[in-house]
Amino acid sequence: KKMAYEERLAWFHKARFGLFMHWGLYSLLGRGEWTMFCERIPRDEYAKLAGRFNPHKFDADAWAGLAVEAGMKYAVLTTRHHDGFCLFDSQVSDFTSVKTKAKRDLVAEYVKAFRKAGLKVGFYYSLLDWRFPGYFMPEKHRGSAEDMIQQFHAQVGELMANYGKIDLLWYDGDWLAHGRVLGDKAEFWRSKEVNRAARKLQPHLIINNRSGLDEDLDTPEQHVTAS
């Protein structure tokens with residue numbers, strides 16, 4: 001059953017305070033999530049970090065407890081950032097925490113702990129992937145661009161199907177050709193298709209506006225926009 005916009009957004013309007021966590025391979029370098037791009041680290045060189053990423057001290061219950069103690073009502077975790085490394089088990093990528101050093105589905109641990117603590121659960125997911133030449137030059141590398149789009153659709157499907165009830169889907173990285181405007185973003189990513197599938201699996205889902213479509217939430221960054 002499709003839920004009305006007001007019904008889906010009711011909890012979010014009341015929650016007001018949540019936790020947004022950027023965590024991934026880049027955390028090993030300690031210079032931010034854009035390190036691979038900003039420092040022009042080659043794909044194969046960056047991938048070696050996966051052999052070191054083994055967060056044995058990661059305690060999702062402790063994170064959830066701190067969030068509750070602080071008065072937070074929901075959380076969003078970077079399931080996969082622009083570097084392409086997944087903190088979840090993906091059937092369409094070997095660049096994941098399950099198939100490399102950690103051998104753990106860290107998203108599953110996050111979901112279980114935060115849900116148990118009574119917090120709403122959100123997923124951050126980046127559409128783009130710096131490992132694909134088709135992101136930077138989609139006109140030249142059309143096959144690569146299509147592979148990236150298919151990865152996006154498949155992985156969002158996995159996130160929506162494999163982790164129980166998910167309250168918030170926070171997209172990022174819908175730019176085309178790294179900011180060069182080549183056309184309609186939603187058309188390029190086929191966003192209507194993937195969001196329709198996501199809502200079929202999660203009828204109550206809140207989706208932000210970073211897939212090229214308005215959807216439910218506007219997400220201004222580094223400024224506040226009057227409504």
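1. Basis. Local features need pLDDT of at least 70 in this predicted model, side-chain atom pairs count only at pLDDT 80 or more, and totals for chains, interfaces and linings use all residues. Residues are numbered from 1 along each chain as its sequence is written, and side-chain values use heavy atoms, with hydrogens and water left out.

2. Helix 4 and helix 5. The axes of helix 4 (residues 60-69) and helix 5 (residues 106-116) come within 8 Å and cross at roughly 40°. That angle makes helix 4 oblique to helix 5. Angles under 35 degrees count as roughly parallel, over 145 as roughly antiparallel, 65 to 115 as roughly perpendicular and the rest as oblique. Helices (H or I, at least four residues) and strands (E, at least two) are DSSP runs, numbered from the N terminus. The crossing of helix 4 past helix 5 is right-handed, that is, the near helix is turned clockwise from the far one by less than a right angle.

3. The contact residues. Helix 4 contributes A60, D61, W63, A64 and A67, and helix 5 contributes E109, Y110, A113, F114 and K116; contact means heavy atoms within 4.5 Å. Seven of the residues in this contact are nonpolar, none is polar and three are charged.

4. Salt bridges overall. The count comes to 15 salt bridges, each being a side-chain nitrogen of Lys or Arg within 4 Å of a carboxyl oxygen of Asp or Glu. R8, R199, E215 and D216 are linked in a network of them.

5. R131 and D129. The closest N and O atoms of this salt bridge are 2.8 Å apart. Both R131 and D129 are buried (buried means under 20% relative accessible area, exposed over 50%, partly exposed in between, with a 1.4 Å probe and protein chains only).

6. R190 and E146. Here the closest N and O atoms of the salt bridge are 2.9 Å apart. The pair links distant parts of the chain, 44 residues apart: R190 is in the loop between helix 8 (185-189) and helix 9 (191-201), and E146 is in helix 7 (residues 142-161). R190 counts as partly exposed because its relative accessibility is 30%. E146 is partly exposed, at 27%.

7. D172 and R210. This salt bridge has its closest N and O atoms 3.0 Å apart. D172 lies in strand 4 (residues 168-172) and R210 in the segment after strand 5 (206-207), so the pair ties together parts 38 residues apart in sequence. D172 counts as buried at 9% relative accessibility, and R210 is buried at 12%.

Definitions and conventions:
Axes are lines fitted to C-alpha atoms, for helices over the stretch in contact, and angles run from 0 to 180 degrees between N-to-C directions. Ala, Val, Leu, Ile, Met, Phe, Trp, Tyr, Cys and Pro count as nonpolar, Asp, Glu, Lys and Arg as charged, and the others, Gly among them, as polar.
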